[in-house]
Amino acid sequence: MLSALIWIPILGVALLGFWPSPIADNRTRRLALIVAGVALLWTIILASRFSAANVGPQFLENLPWIEPLGLSYKLSLDGLSLPLVAINSLLTWIAIYSSDESIHRPRLYYALILLINAGVAGAFLAQNLLLFFLFYELELIPLYLLIAIWGGPRRGYAATKFLIYTAVSGILILAAFLGLTGLSGSSSFNYNPLLTQALPLGQQFLLLGALLVGFGIKIPLVPFHTWLPDAHVEASTPVSVLLAGVLLKLGTYGLLRFGLGLFPEAWAIWAPWLASWAVVSVLYGAFTAIAQKDMKQMVAYSSIAHMGYVLLACAAATPLSILGTVFQMISHGLISALLFLLVGVVYKKTGSRDLNVLRGLLNTERGLPLIGSLMVLGVMASAGIPGMVGFISEFLVFRGSFPVFPTQTLLCMVGTGLTSVYFLLLVNNTFFGRLTVPSQGTQRLGDVNLPPVQWVERTPAIALTILIFVLGLQPGWMVRWTETTTTALVVNSTVAQVSTAANGFKADSAMRVPIKAAPATRPLPNGETLRSDLSVIVPRSGSND
Amino acid sequence: MIKTTLRSSTHPLAAYIEQLKTGGGLVPDRPENVLEVVGILKSYGVVLEAYYKNLLYIAEHQFLELFPFFKYFNGEVSPAKLLRHWWHDRINFEYAEYCMKAMFWHGGGGLDAYLDSPEFRTRAQSVIQAKVQGNWLISGLNQLFPEFLPEQVRQFTYYSALGQFWRVMSEIFLTLSDHYDQGKIESIPQVVAHIQAGLVAAATLPITYAVTVRGQVYDIIPESVGLTFLPDTAVPYVEAVFFRGTPFLGTVSYNAQANQISPDPSRFNYGALYADPLPIGGAGIPPTLLMQDMRHFLPEYLHQVYRQNLRGEDDLRVQICQSFQKSMFCVTTAAILGLAPYPLDTADPEQQQANQSYFEQWMDRFLSSRLEDVQA
């Protein structure tokens, strides 16, 4: 069942790429939309069959592939990967839908987008470390080409920089996986949280360090972030949507699944430093965003700041904060996709993203009033205004992290305040005042006449806005898929630490603590425990009780 | 006899002076401009007709009504009309009042001078006495604040004066449209000539104002005062509404305390010839009100042109404003030509020089106007 999520897009890639006769441009687009639509539909079907109460991996598929290498084709879905798979399918469809209909070389373009979709889905589903790495690398080439061929004026520079950074990230991750398997003496790369128990702490630190830098580049965390603003600025709108909405999540997912999931002991020791790193990333991203004059660059730096919250919550590793990480990934995916879509429309209509030039785009007659209104909603969501998904995710992150790292959490909350600062600057500069766009030739100031915005350009943004509100008002609809898994992740980490401390006690999968029997708890520095009491803000759905 | 030739003007807008001297207008003579100007003046004529009727109704029937709840109803109050009013299916009569207040505030002409004269004061007092008779509250307040009601009367004279002015203008614009439909108008100079002829014909029309209180007629501006159409309403109107205006333009906020608005009203340049059409669409901005009203009465040939433009119906009101501005430059051309001190074809160098200086004075005022924009 899960394989379909990988092979449907690959089938689309094959059709688009290798169909012997020419295909009309509009048919290419339609075919890509159908393929992505089927994948999205399949994701919805999977979600409807997903058992929220089940802690273990679901829809397991396990085929031996290259046994001597320890590589097997092992896929499964749990509450952590389900939302990410869903947002991948959704944003791929939106990216294709919002692509320029007259784009040149459409067959290659849509094939590459579908290839990214397959690669990302595979990475989220893989239960084998080597398989994850293969999928992780698979999305790199198409993204490089998408920036290098359809990008802006400095696309060559940006694409190469992206390639170098992400390739280094891949090498580090591969090295960590090889090291882990080799040092633990395992013959298989299959994902197993108990793999690290026999390793001395020094080796764990080394491997975790490689993973942190590897995924830190992908997320990206300061100081490994410099590729991101360049890539965003040069990438076309749909590619930016995918990059911010989906691809960065590979980094945070990896951090959670492989960093926290495989190295709980080393993670717990480094956690305070990781939280401080998150603070640096959040504040650096936010302050740099304030200084930006390019709308896309501002949104890109805001991404860096907002991904820092995920690291903070991962470091805190309470059931609530881990739930917050998943929520933050989804919320950031939706919000940043929305913002990039809107900036894309502004750029397409005005020919500029310059905050020093653009003014008054909310003008009702000649500006972009609906796009402007959606932008106001988007930045409100990003700044964490209640009623929208950004509030829920940030609240979960801060509420979950505060008992563990109060100082770092408070400093990260400053970053939320700064979000309002830079996004108000953006909205105030470009959308209020007297309508002004860069002068085109001899055009006089008074005769600004922007081309009208078509509904096809508005619909994806409207759909994302609705989703942002729905999840903001009914977070329970997402929590119910995820909560069991994220809580178990923390419990497993705790169990793993305890069992390591018990000197040689070999835990097996039967040791997994059933969530019903033992409520998730995590010891706090002051000796208290923090329960995953989501009823504080999230209404529990019936199926969870 | 020494023959001198007139030096050509060195004014930055000298090109327009030459155009005026040779019978051209401030708006380029192109068929599409003729269509736009006549089409918009047609809808403006219809709107002006509604405005002037309401202004005269208010001046005559809502005189010194301090709470004129139904002043926009022209005496026909019915539940259906009230519902339509609340639904905003109506003419924005507020715009007419806005122009009236601009005229009242900027003053100028014989009407302004008359309103400060003892004769006006005596006439105003007698009508006020008649109106407040038996109303103890208002009588008492009138004793306490003796300047309040006379000022209200002054305002009502402007309601009436603007109503009378627009009655003539509405007629001029509607006949212009009829002539265009009959194929008699084909160029911008013909449009200007039509307007100029209308203004000249009405130039000496007397401006009077009388109200009936308790069955007795009170003359507030009797004919004996000698106020006439051109110098006492048309010229002050052009000055107040076309040139100076009021600094409420919508998205641009002026801070008077920071001296962003000139303390000298004669240096104001917020009028129709300077107005930025882009803020149109904002709620309550006076130009938006007018464009909204004209939208209902666009002739089909003009509407068709607007629909074919880049944003079609989306920016209809901005397009209307741009056409309207062109038409107002035509009206201004007519006024400038009509008020020229000497005939344009004079051979006398002194007269030519005087005409030139006269035109240069106008051009000084056009420096920051939208004159260059309407050339496009």
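Reader: Which residue stands opposite A:Gln58 in E2(A)?

Author: A:Gln58 faces A:Leu77 in that strand. The model is predicted, so to speak of local features requires pLDDT of at least 70, side-chain atom pairs count only at pLDDT 80 or more, and totals for chains, interfaces and linings use all residues. Residues are numbered from 1 along each chain as its sequence is written, while chains are lettered from A and ligands numbered from 1 in the order in which they are written.

Reader: In which sense do strand E1 and strand E2 of chain A pair?

Author: Two strands pair if DSSP finds at least two bridges between them; strands (E, at least two residues) and helices (H or I, at least four) are DSSP runs, numbered from the N terminus. Here E1(A), residues 58-66, and E2(A), residues 71-77, are antiparallel over 6 bridges. The hairpin has 4 residues between the strands, and A:Gly70 takes a positive phi near 85 degrees.

Reader: What radius of gyration does chain B have?

Author: The radius is taken over C-alpha atoms, and the globule rule is 2.2 Å times the number of residues to the power 0.38. For 376 residues a compact globule would have a value near 21 Å, and the 22 Å of chain B agrees. Chain B contains 14 helices and 2 strands.

Reader: Which residues of H9(B) are buried?

Author: A residue is buried if 20 or more other C-beta atoms lie within 10 Å of its own, exposed if 12 or fewer, and partly exposed in between, with C-beta atoms placed from the backbone. The buried residues of H9(B) include B:Ile188, B:Val192 and B:Leu199. Helix H2 (31-61), helix H8 (148-181), helix H10 (229-244) and helix H13 (316-339) of chain B pack against the buried residues of H9(B). Across chain B, 43% of the 376 residues count as buried.

Conventions: Contact = placed C-beta atoms within 7 Å.
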